[in-house]
Each structure stands twice: as structure tokens, then as C-alpha cells.
Amino acid sequence: MIFFLIIGFSIVANDTPNDAGGSILITTYNIPEGTQKIELYRLAKGDTIYEEAGLIPPRGECEDVSVVDGVEYLYRVRAITEDTFYVAETKEFISSSPQWFNRTRITVLLFFILFGGVVLVYIELAKKNPKGLFIRKLPALDAIDEAVGRSTEMGKPVLFVPGLEGITDAGTLASITILEKVGKRVAEYGSRVIHPNFDPIVMTTAQETLKTAFSEAGRPDAFNKDDVFYLTYEQFGFAAGVDGIMLREKPGAIFLQGYFYAESLILAETGYSIGAIQIAGTNATTQLPFFVAACDYVLLGEEMFAASAYISREPRLLGSIKGSDLAKLAILCLIGAGVIFGTFAVIANNAGNPSYLGIFNRVLDFIARGNG
Amino acid sequence: MKKRVPLLITFITGFIVIVSFFVPHRPFGALETETLIWYSIILGFTLLIGVDSLVRLHTRQIRRKKKGWWYSIVFFAGFFYCLTIGIISLIRTPNPFQPGTVFFYGYETILIPLQSTMFALLAFFVASASYRAFRARNLDATLLLITAVIVMIGRVPAGHKLWTRLPGIANWVFDVLQMGPMRGIMIGVALGAVAMSLRLILGIERTYLS
């Protein structure tokens, strides 16, 4: 078989940027027409024979992740067509190394510093002047007393569902905060709370939270550990189980708090069918419309995260809410400025001045880096 | 001490995870994956706690002959069935989820159809919830009803037959009217989650410690 070193078909090897090392980025250019596959070969410094290093996908780019940091390599590729093959190779040795900073995340770091800074400043300010903080009314949290009270009057238990995520989810953690408040009210009113769980770690946390809530309400004896139980790790199995509990126990109040998926409406509609007062809250934006349609009160996304501050009125927590609100305002202003400048840039570009559009695109690229 | 140690662990872990997000160099780069592996291992053990909770609950239901106690018998039948065929499949093959094993057969012919049935019920629940939400009681509900009708008809071939521009209007409702508020809520959720994470790392938010 005859092979060709054709002009144009080339290979470039570079240390993969922003990684933990152990990877070299291979890029091929001007792949010959009719290429069926591209074979990659590698020669470590000091070796005499090229070893096979896999295949390069048709787009012509791949990462060689089987390299050793610090060892220098030469690369060769063979583009195989039906009747011949073409070869290209690197001229200089290249080695991989780990990086100390992922530059694609610089915008995230900037945002984190600014946002974290604002939140911390407001926490400090709140400590100095606790009276100067206002938090708007959240009807869903105000309705907790009403829901638990109504349920107690009817002689029915309260059902609390903490969603389908683990304890690492921010929504689940926020639901634990709300559970504490619900637990205290249930203990004070002498009612009962049923807490089925999807995740055993959440179950253990909920047991401890309710135990503390009952103790703080002066009714440690009223807490029944068995009312907080594990159900299943299957999504629709969990939905079926909770639906069954709703239909058998007929709770007077249902709290759907946490991260939910497609089962949200199944749970909320079953709760509606038994006439329970329903207070939902989720950080799953796709499920919010279902809860709004089927529940009496809903905590919309971020309102869940404000629950602890709203309930406790602790200045430091209120300060962090105010800080994040200010950051939100800043983002809103940035979006507004972006829209105005973007529109102006497009108009200028259409009028024959592309420089503003160039600036606008560069800014967009810089911001979008953080998605990498 | 009872609270300080967990708070210190939370602070150190949270700080390291933040650093590992920006620093790919060893040992930080691999920490995120490592912690996820740790979490999976811990979760594996806590599942035993879950099973213990479940078995105790249903044993009590049967012993006390509580309302619907026979469902607990169904639970035990399913539990021991899965356990037995799981062990048998594990002895016969290294992976019980491999097609052809008894365990996989049970999974495919019992569990998946049951889950699909529950999922299918969603269609009826969507219909009943939509009926209530779309009743034209006031101006807001009427606007919602009109928008919903446009979107629903615009999404089916009959909508295109009725008026060729209807699918385009439905798409505009999705891409513009709906997307704006949705993005607003998403930004709020993201910022709220970051603020909450900061509160947890700094030990301001302590509810999870009970």
C-alpha cells in the first residue's frame, strides 16, 4: 500500500487547557476526502516505535487521556480512505500538565466574589442594625398555622412530603427548615405529622428535626419516630405510596416542599381530591405551574430559600436575603443594559458600523465562558 | 461542641468543594467526583436504615391489624420476591440487571409496567387540574384560558389546518411570553440557592443540624 504525506492534512497537539493533567488535545485539519477512519499513534521521547493511541472521531478532534504528565510525545495520524492512506505528524514534542486555575470559570469566580461580598456585607449590616430590615409577606408560610390548625380541628393528621432529592439539594434543605416550623405547630396543637421519605438520609434528618421541634414545643413525648419513614427510591413507586397514604389517612393539611419531578401533579391532584389544604413549594421551575394549578398556596422558587429568614426573623438571615436581592437587582440592571446595548449594536451594524456588535459579542463570549 | 464540630465540617467541606470547582490541579480537581463516590457509599448504607424503617412499619401494620393492613402483606411478598430473585441472579451472573436474568425479567415485566401505569395517570390529572385552572372566573383566568387554548390547538396538526399561523403564535407564546417569567424565576432560584449555600457554609443557617 502506498501512503501520502499530503499538503494541508495536518495535526496539532496541545496540552489540554484548564484540566487536571493527563490529557493532550489532538486536532486534525484538512482531512482528506473519502476518509473512512483516522488512526492516532504516539511516540514517547526515548522510544523508537509509535504505539497505537486509538481513533480520532470524524470531526477531527479528540483528547488523548492515556498520557503521563511530564512525558513528552510526538503524534502521528493516518487518514485511511478506501484505497490508500494519508499521514500527518507533529514536529515538536508535547507533554501534558495540570493547571492551577480553570480560566473558563473566571466569570463564575467574579460573580461569586461580588455576590458573596454583597451578601456578607449585608449580613454584617444586619447584625449592627437589625430593625432596618423588611421582608415582604409570604402567604404560603403564614398559612402554615391555619393549615395545621384546621387539620387538628378536623382530627386529621398533617402530611409532609420533602420531595425527591437528597439532602445535598438546596430545596430539600429549605424544606427541612419549613418542616421544623410545621413540627412545632403540630406539637403545640397536639396533632400528628406523617413524613414519607424518598431518601433515607433525608429521613434521618427529618426524624431529628421533628424530634427537636417537638422538644422545643414542650411535647417531646408526642413525637412518634415511626411517623417519619422510608418509602422507596423509585419515583412513581413513591408517588403511588404517597397517594395511598393520602387516600387512607385523609390528612387535613398537605405540605409538598422540596424538589419534585413529574409526580408533582399526581400528588397535588390526589391531595385536592381528598379536600386537604395544600401548601406547596419547590425550586423545580418546571413543576411550579402544576402546583399553582392544584394547591392552595405555593412558595415560588426562591421564596423557599427565604423561609428560614421569614420564620426566624434572625437579622443575619434577613441580611443575606437583602444581599441576594441587591445582587438580583444588579443582574436585572445588567440584563437591561445588555438589551439596550445589544439592540443599539445591531442597529449600528445594519448602518455599516460593526464595531459595537463586535464589542457586544466579545462581552457575551466572556460571560458565557462560565458555562464551560 | 455538639454543634461546633458539624459546623466546622460543613465549613471545611464547603470551602474545599468551592476551591475544587476553580482548581483542576490535584488533589482538588478530583474532589468533586470523590465526594460523589463517598456520598453513594454512604447512601448505600443508609438504604439499610430505609429498609429497616420500612420493614418495621409494615410489621407493625400487620401486628396491629391497622386499616389496610393487607397492603403490608403485598409489601412483604414484593420485598422477599425481589430479595430472593436478586440473590439468585447475583449468584448466577455478576450483574442481575443483565437481560435474561430472573431479576431483570421481574424488573421488566412487573416494575416497569407499574411505573408506566402511574406515569400514564398523569394525563388524567393534567386534564382535571387544567379544567379547574382554565375556568374563566375573572380576567386573569380568562387570559390563561385563551392562551392555553392557543397553545394546545397550535401544537396539534388540526391547529395548522385551522389557521396556518397558529403554530407560530403558539411557539411565540412558548418562546417569549412563557420564557421571560420562567427565566426570572430560574435566576431567583439560582441566586437563592447560592445565598443559602453561603449561609450553610458560614454556619448562619443551622436548621439541618436540628
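Because the model is predicted, local features are given only where pLDDT is at least 70 and side-chain atom pairs count only at pLDDT 80 or more, whereas totals for chains, interfaces and linings use all residues. Residues are numbered from 1 along each chain as its sequence is written, and chains are lettered from A, with ligands numbered from 1, in the order in which they are written. The pLDDT is the predictor's confidence in each residue, on a scale from 0 to 100. For chain A it averages 91, and 97% of the residues score at least 70.

In chain B the assignment gives domain 1 (1-66) and domain 2 (134-210), whose centres, taken over C-alpha atoms, are separated by 33 Å. The contact between these two domains of chain B takes seven residues from domain 1 and four residues from domain 2, where two residues are in contact if their C-beta atoms, placed from the backbone, lie within 7 Å.

A residue is buried if 20 or more other C-beta atoms lie within 10 Å of its own, exposed if 12 or fewer do, and partly exposed in between, the C-beta atoms being placed from the backbone. Strands are said to pair if DSSP finds at least two bridges between them. Two bridges join β9(A) to β10(A), and these strands run parallel; A:Val158 has A:Val193 as its bridge partner in β10(A). Between β9(A) and β10(A) the chain passes through helix α3 (residues 170-189) of chain A, and this β-α-β crossover is right-handed, meaning that, with the strands pointing away from the viewer, the path from the first strand over the helix to the second runs clockwise. β9(A) is also joined by five bridges to strand β12 (residues 253-259) of chain A, again in a parallel arrangement, and there A:Val158 stands opposite A:Ala253.

An antiparallel pair is formed by strand β4 (residues 37-44) and strand β5 (residues 51-56) of chain A, which are joined by four bridges, and A:Glu39 has A:Leu55 as its bridge partner in β5(A). The hairpin of β4(A) and β5(A) has six residues between the strands, and A:Gly46 takes a positive phi near 100° there. A:Gly46 counts as exposed because it has 7 C-beta neighbours inside 10 Å.

Positive phi values also occur in residues other than glycine. A:Asn18, in the loop between β2 (10-15) and β3 (24-29) of chain A, has a phi near 55°, and it counts as partly exposed because it has 14 C-beta neighbours inside 10 Å. A:Asn30 lies in the loop between β3 and β4 of chain A and has a positive phi of about 50°; with 14 C-beta neighbours inside 10 Å, A:Asn30 counts as partly exposed.

In chain B, the loop between α1 and α2 contains B:Pro27, and the peptide bond from B:Arg26 to B:Pro27 is cis, with omega near 5°.

Finally, the two chains meet where 52 residues of chain B are in contact with 62 residues of chain A. On the side of chain B that touches chain A, α1 (4-22), α2 (31-63), α4 (102-133) and α7 (166-201) each supply at least two residues, and α7(B) gives the most, with 15 residues. The residues of that side divide into 32 nonpolar, 13 polar and seven charged, where Ala, Val, Leu, Ile, Met, Phe, Trp, Tyr, Cys and Pro count as nonpolar, Asp, Glu, Lys and Arg as charged, and the others, Gly among them, as polar.

How values were computed. Domain bounds come from an automatic or database domain assignment.
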